Amino acid sequence: MSKYALYIKLEVRPEKQHELEDFLKQTLPAVKEEDDTKTWYAFKAAPGLYVIFDTFTSEVGRDAHLEGKAVEALRKVAGELLVRPPEFVPVDLLAQKVGLETEVVGDTDIKKYSLRFIDGL
């Protein structure tokens, strides 16, 4: 389970929304290279407000992401595309549901089910 996350708030200049969207889409390959980044989402939260939300297996992985290619590229374009510098907020996750697994941090009573699909059934 990913216990650590990062919330990045991006306030885009009105005339630069399409450029920011293109940049975010082009950033995905760099993030895919990061083994400790388990999930990565880039989305438009409201007019002029975009968010990147990532999850990590450890604080070390989160720190490595902050020093990685994707964040470095974001810092380079921030002055041109954003109203203010990106706001990086480290987050500790309490609960999550990803795919077929649901977990709550610290809950030892959670049961995990393994599902197997058998041909011909």
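Me: How do I read the pairing of β2 with strand β3 (residues 49–56), and over how many bridges does it run?
Reply: The general idea is that strands of a sheet pair through backbone hydrogen bonds, either parallel or antiparallel. Here β2 and β3 pair in the antiparallel sense over eight bridges. Two strands count as paired if DSSP finds at least two bridges between them. Strands are DSSP runs of E with at least two residues, helices are runs of H or I with at least four, and both are numbered from the N terminus. Keep in mind that this is a predicted model, where local features need pLDDT of at least 70, side-chain atom pairs count only at pLDDT 80 or more, and totals for chains, interfaces and linings use all residues. Residues are numbered from 1 along each chain as its sequence is written, and side-chain values use heavy atoms, with hydrogens and water left out.

Me: Which residues in β3 do Trp-40 and Ala-42 stand opposite?
Reply: Trp-40 faces Asp-54, and Ala-42 stands opposite Ile-52. In the hairpin of these strands, with two residues between them, Gly-48 takes a positive phi near 80°.

Me: How do α1 and α3 pack, and at what angle?
Reply: Axes are lines fitted to C-alpha atoms, for helices over the stretch in contact, and angles run from 0 to 180 degrees between N-to-C directions. Helix α1 (residues 17–32) and helix α3 (residues 69–81) pack at about 165°, with axes 9 Å apart. That makes α1 roughly antiparallel to α3 (under 35 degrees is roughly parallel, over 145 roughly antiparallel, 65 to 115 roughly perpendicular, the rest oblique). On the α1 side, the contact (heavy atoms within 4.5 Å) is made by residues including Phe-23 and Val-31, and on the α3 side by residues including Ala-73 and Leu-74.

Me: Is His-65 buried or exposed?
Reply: Buried means under 20% relative accessible area, exposed over 50%, partly exposed in between (1.4 Å probe, protein chains only). His-65 sits in helix α2 and counts as buried, at 2% relative accessibility. Leaving aside neighbours within four places in sequence, His-65 has contacts that include Trp-40, Asp-54 and Val-31.
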